[in-house]
Amino acid sequence: MKKTLLSSLSKKDLFSFIETLGEPKFRAEQIWEWVYQKKVHSFEKMENLPKALREKLCESFSFSSLTLIKKADSEDGETVKFLWELPDGKRVESVLIISGIRRTVCVSSQVGCPAACAFCASGKMGFFRNLSSAEIYDQVLGIDSILKEKGERVSHVVYMGMGEPFKNYDNVLESIRLITSEDRLGLADRRITVSTVGVIEGIEKLSNEGLKVNLVLSLHAPNQMIRKKIIPYARKYPLEDILKAMDQYHRKTGRDITYEYTLLQGINDHPDHAFELSNLLKGKQCTVNLIPYNPIPGMRLSRPSGKEIKAFRSVLYGCRINNTCRYTKGVDIAAACGQLAYQDAKFGISS
Ligand code: SAH
């Protein structure tokens with residue numbers, strides 16, 4: 001018999017199930033407490049339930065839609081990559097990034113990616129399907145359970161793994177509701193970040209959800225012409241309209257905006273591009289997050305030198321554009337930005 005995912009049940013559903021078994025209502029309350037307060041993910045450990053009920057629950061429910069296939073730690077111990085198998089046998093990855101007291105989980109929202117950006121490994125594998133809200137939520141829950149063994153918890157979630165979150169809007173939103181729900185992980189919405197290639201209808205919709213989620217635009221170019229060369233979706237979503245939608249998001253939610261900019265040598269990394277970028281973002285309350293390109297095997301693109309990156313940044317500073325540069329983490333386990341694309345050979349380098 002196929003098991004039902006326990007996390008797909010609302011409290012009301014659980015009460016109805018318990019009622020159909022002829023058990024007293026407080027049993028549902030007890031189960032809910034074990035799962036969502038004590039975070040216990042095994043019916044055997046629910047000591048105050050009768051054995052027969054525990055067995056019945058075991059037969060009927062599973063705790064996660066995902067099976068952990070592999071876990072790989074980077075050499076510096078700051079990045080951990082997780083490979084999960086989905087119920088249909090497909091596989092996705094998530095990354096745990098450890099930085100000070102932060103425990104950030106980078107989740108995948110799709111298997112593969114329809115955006116196919118020129119510099120990203122996920123797009124190269126093609127697009128297979130959307131993840132369900134449970135499949136997204138269970139990545140966070142699974143990592144949270146592992147961290148809990150060390151007395152730690154997930155503190156932040158970023159939608160920057162495989163996939164374009166706004167091409168799977170409803171399930172992504174539902175997963176945010178699960179992550180933030182007091183009955184589930186109870187993480188504050190301010191600790192969640194969604195990154196988009198610039199799907200305008202998604203940006204607009206999210207601005208009306210009453211959530212204080214951080215929004216990142218993968219900009220990567222100072223103008224529409226260069227953007228079109230590296231991002232196929234740029235043809236559908238013109239830069240000018242995306243920026244308007246981002247401004248509106250800032251106005252409606254009060255959240256500052258981050259513009260992600262992958263530096264590609266000879267394509268978008270010239271100081272003139274930095275000037276153009278500064279003009280484009282002038283007057284906006286935002287930060288530019290520069291990511292020097294992480295090489296993907298088989299792609300004829302290069303990362304700028306340290307000197308070139310410095311020159312680019314000094315123009316931004318001169319123009320008073322807030323900027324940060326993301327130092328690559330997890331390259332040795334192919335867990336760096338844009339490297340998530342499941343390939344057996346690549347996985348488990350140091351697992
Ligand atoms: N589809 C979403 C989220 C996934 S990509 C988006 O486009 O934002 C997460 C971030 O990693 C994006 O900013 C993306 O452009 C960046 N990225 C992808 N491949 C990269 C690479 N090879 N090197 C550096 N950054 C990369």
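Which domains does the domain assignment of the protein chain give? There are two entries: domain 1 (4–62) and domain 2 (67–347), with bounds that come from an automatic or database domain assignment. This is a predicted model, in which local features need pLDDT of at least 70 and side-chain atom pairs count only at pLDDT 80 or more, while totals for chains, interfaces and linings use all residues. Residues are numbered from 1 along each chain as its sequence is written, and side-chain values use heavy atoms, leaving out hydrogens and water.

- The centres of domain 1 and domain 2, taken over C-alpha atoms, are 36 Å apart.
- Their contact (heavy atoms within 4.5 Å) takes 9 residues from domain 1 and 10 residues from domain 2.
- About 800 Å² is buried between domain 1 and domain 2, with carbon and sulfur atoms giving 46% of that area; buried area is the accessible area (1.4 Å probe) that two parts lose on being put together, summed over both.

**Nonpolar cores**

- A nonpolar core is a set of buried Ala, Val, Leu, Ile, Met, Phe, Trp, Tyr and Cys residues joined through side-chain atoms within 4.5 Å, where buried means under 20% relative accessible area (1.4 Å probe, protein chains only).
- The largest nonpolar core has 80 residues, and Phe-119, Val-157, Tyr-159, Leu-215 and Tyr-259 touch the most other members.
- Apart from it lies another core of 19 residues, including Phe-17, Leu-49, Leu-53 and Phe-61.
- Not counting residues up to four places away in sequence, Tyr-159 touches several residues, among them Val-107, Ile-136, Pro-165 and Val-194.

Notes: Buried < 20%, exposed > 50% of the residue type's maximum accessible area, 1.4 Å probe, protein only.
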